[in-house]
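Colleague: I am new to reading models like this one. Can you take me through the cavity and the charged pairs?

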Amino acid sequence: MTPRERAVPATTLYDRVAQRSAGCVIASYSTSFGWASRLLDEPVRTHVRSIYALVRIADEVVDDPEPALTVQERSRMLEDLAAETARALAGGRSTNLVVQAFAVTARRCGIDAALIDPFFASMRADLTVAVHDRASLTEYVHGSAEVVGLMCLRVFLDGDEAEYARLAPAASALGAAFQKVNFLRDLAEDHDQLGRVYGPGLDPAAFDDARRDLLLDEIEEDLAHAATALPHLPSSSRRAVAAAHGLYAELARRLRATPAARIRHARVRVPAPRKALVLTRAALGVRR
């Protein structure tokens, strides 16, 4: 059955309000993603924002620095969110507008438990695992980042299963690259504020340029793999994915140029004018 032959559920007023609410979440929490998502055509833009809004809310549950929230309270909130998401996917209407928006997208685009369950498993790990070994880190990156890339790929390809199977490894690599860049740029915050270390044998106190470069070599391999999929994406999503890829490639370059001692104590950022330039180049480059 082709995408055009599938029955598409009607979007209600409540669904549209939920989707606008998801857009507000993204606009408030993620400047870089908000900029890149503007390059998506509709309805792809709305669906991708609905995915990232749920991801952002779950992440906020486990990472909110509010000291009054205990691990037990965070765990209860996360399980409530996971259960509400499952109920909404089963066909119910959620009173949580972000969950409702995600459920509309998931049902429309074929996002199921195979992608959703690993995501919530990784969020649970943030509440229970302080130091990862290689196996647990691989599982964590898959659930926290790779499946999000695969959810977005489901949206981009609109039911083309053959193309999804072909491009899935590159989409996973892009999600992994994004997450690993975040691990590196958030090294200080993750260790000092959240008590977490995302790296086998990584000692933040002894973090040096050699270890920085090993991590960045791995990130650049993932980015190179992800880049192979860009020409094959539909025009409705290609510019935005190229822009996001460009922003994280720029971050990786800046991290490599930053002494490890500084990364240990400060968060490396891409200045807003440079972000705008990267986004413009990505958009124009794909058009050409």
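Predicted model: local features only at pLDDT ≥ 70, side-chain atom pairs only at ≥ 80, totals over all residues.

Colleague: Which residues line the largest cavity?

Modeller: A cavity is a set of points, on a 1 Å grid over the protein atoms alone, where a 1.4 Å probe fits but cannot get out; lining residues have an atom within 4 Å of a point. Here the lining is Leu153, Arg154, Leu157, Asp158, Gly159, Asp160, Glu161 and Tyr164. The search of the whole structure finds one cavity of 30 Å³ or more. Helix 7 (134-157) and helix 8 (161-185) each supply at least two lining residues. Helix 7 gives the most, with three. Helices are DSSP runs (H or I, at least four residues), numbered from the N terminus.

Colleague: How many salt bridges does the whole structure have?

Modeller: A salt bridge is a side-chain nitrogen of Lys or Arg within 4 Å of a carboxyl oxygen of Asp or Glu. The search finds 23.

Colleague: What does the pair of aspartate 222 and lysine 180 tie together?

Modeller: Their side chains form a salt bridge of 2.7 Å, N to O. Aspartate 222 lies in helix 10 (residues 209-227) and lysine 180 in helix 8, so the pair ties together parts 42 residues apart in sequence. Both residues are buried.

Colleague: What about glutamate 146?

Modeller: Glutamate 146 sits in helix 7. This residue is buried yet has no salt bridge. Lys and Arg count as positive, Asp and Glu as negative; His and the chain ends are not counted. The nearest side chain of opposite charge is lysine 180, 6.2 Å away. Look for a polar contact too: a pair of N or O atoms within 3.5 Å; within protein, one must be able to donate a hydrogen and the other to accept it, and residues adjacent in sequence count only if both atoms are side-chain atoms. The side chains of glutamate 146 and histidine 142 make one at 3.0 Å.

Terms used. Residues numbered from 1 in each chain as written. Heavy atoms only, no water. 1 Å grid on protein atoms, 1.4 Å probe; cavity = no way out; pocket = protein on both sides within 12 Å on 5 of 7 lines; lining within 4 Å. Points joined across faces, edges and corners; volume = space filled by probe spheres on them. Buried < 20%, exposed > 50% of the residue type's maximum accessible area, 1.4 Å probe, protein only.
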